Amino acid sequence: MSESHQNSLQGMAIMSGAMFILPTMDAIAKYMATFEAMSPGQVTFYRFFFQIACTLPILVALFGFKAFSAKRPWMNILRGVLHGAASLLFFVAVKYMPLADVFAIYFVEPFMLTAMSAVFLGEKVGWRRWMAIAVGFGGAMIVIQPSYEIFGLTALLPVACAFLFSLYLFLNRAIGEADSPLTMQTMAGIGGTIFMAAALLVGSGAGNEDFAISLPASGLGLALLLALGSISGYAHMLVVRAFRLAPLSLLAPFQYFEIISATVLGYALFNDFPSFSKWIGIFIIVASGLFIIWRERQQHNR
């Protein structure tokens with residue numbers, strides 16, 4: 001087995017694990033909005049604030065304060081701003097919509113990310129992979145249509161989120177190994193916190209309830225926000241690591257796996273269960289991702 005093939009397999013394994021973990025963050029955000037009456041803007045701020053609180057002590061302990069002399073600090077700050085804006089749109093969407101619906105619509109993102117990798121990074125994307133991603137995109141459209149009829153423009157928030165998050169992941173690959181994953185996540189946490197602090201001040205000043213400023217109303221709420229920051233920091237370090245091991249276009253479809261844990265969490269916590277037509281869309285999305293994994297293994301086993 002070649003080193004590049006081994007790295008690709010490791011990257012796919014790491015990415016798969018991260019994708020099963022990350023929907024926990026969105027379940028926490030929906031719980032905070034539904035049961036703790038906390039605005040999505042405030043939840044997003046705490047997500048990045050506690051991400052810094054969880055990663056900064058480890059960063060300083062391992063590398064000292066010289067870790068802040070990042071080689072590409074502004075690109076890492078920009079990653080945080082893009083991630084902050086994407087998270088805000090996603091958390092607003094999950095406040096009003098079922099988790100599985102939001103994820104299914106959001107999965108236009110691998111299509112965007114693969115296109116970016118082909119156009120800007122010159123990564124080779126074969127016609128079969130393009131076809132599988134296009135089929136997955138069609139599955140997302142099956143979910144969007146009834147959601148748009150029910151929720152209106154809110155159903156398009158995950159699409160805007162997908163675009164911003166694809167830019168964030170693109171920067172992960174573009175930055176390469178200039179800085180350690182821990183440094184990158186800490187710097188991104190700083191960028192996301194600054195962005196969300198400004199967004200909260202502007203949004204709450206305008207009287208928008210989705211930006212209302214508040215403190216956690218209970219000990220459970222505080223514990224969940226701490227968990228939110230921890231998952232955010234460490235799961236995204238796994239994502240950064242995966243993108244260093246494998247091509248961006250190969251890893252993009254693995255984000256489809258988030259729909260599995262999102263559906264389970266949505267049903268278990270909020271009694272949200274996709275309709276039959278949405279299950280068809282979800283099946284198409286997951287099948288397209290599995291086909292790409294199978295195709296990659298076939299190519300390297302020849």
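Guide: A charge counts as sitting over a ring if NZ of Lys or CZ of Arg is within 6 Å of the ring centre and within 35 degrees of the ring normal. In this predicted model, Lys30 lies over the face of Phe270, at 5.5 Å from the ring centre. A second case involves Arg47, whose charged end sits 4.4 Å from the centre of the Phe48 ring, over that ring.

Now to the rings themselves. A pair of aromatic rings is described by the distance of the centres and the angle of the planes. The model has 10 aromatic pairs. One of them joins Phe35 and Phe270: the centres are 6.3 Å apart and the planes are at 15 degrees, so the pair is stacked, as planes under 30 degrees apart count as stacked. Phe35 belongs to helix α2 (residues 23–35) and Phe270 to helix α12 (residues 258–270), so this pair ties together parts 235 residues apart in sequence. Phe270 has a relative accessible area of 12% and is buried, because buried means under 20%.

Another pair, Phe49 with Phe50, is edge-to-face, with 5.3 Å from centre to centre and 75 degrees between the planes. Phe49 is partly exposed, at a relative accessible area of 40%, whereas Phe50 counts as buried at 10%.

Ring pairs also build a cluster, which links Phe90, Phe103, Tyr106, Phe165 and Tyr168.

Note on methods. Residues numbered from 1 in each chain as written. Predicted model: local features only at pLDDT ≥ 70, side-chain atom pairs only at ≥ 80, totals over all residues. Heavy atoms only, no water. Phe/Tyr/Trp six-rings, centres within 6.5 Å; stacked < 30°, edge-to-face > 60°. Helix = DSSP H or I, 4+ residues; strand = E, 2+ residues; numbered from the N terminus. Buried < 20%, exposed > 50% of the residue type's maximum accessible area, 1.4 Å probe, protein only.
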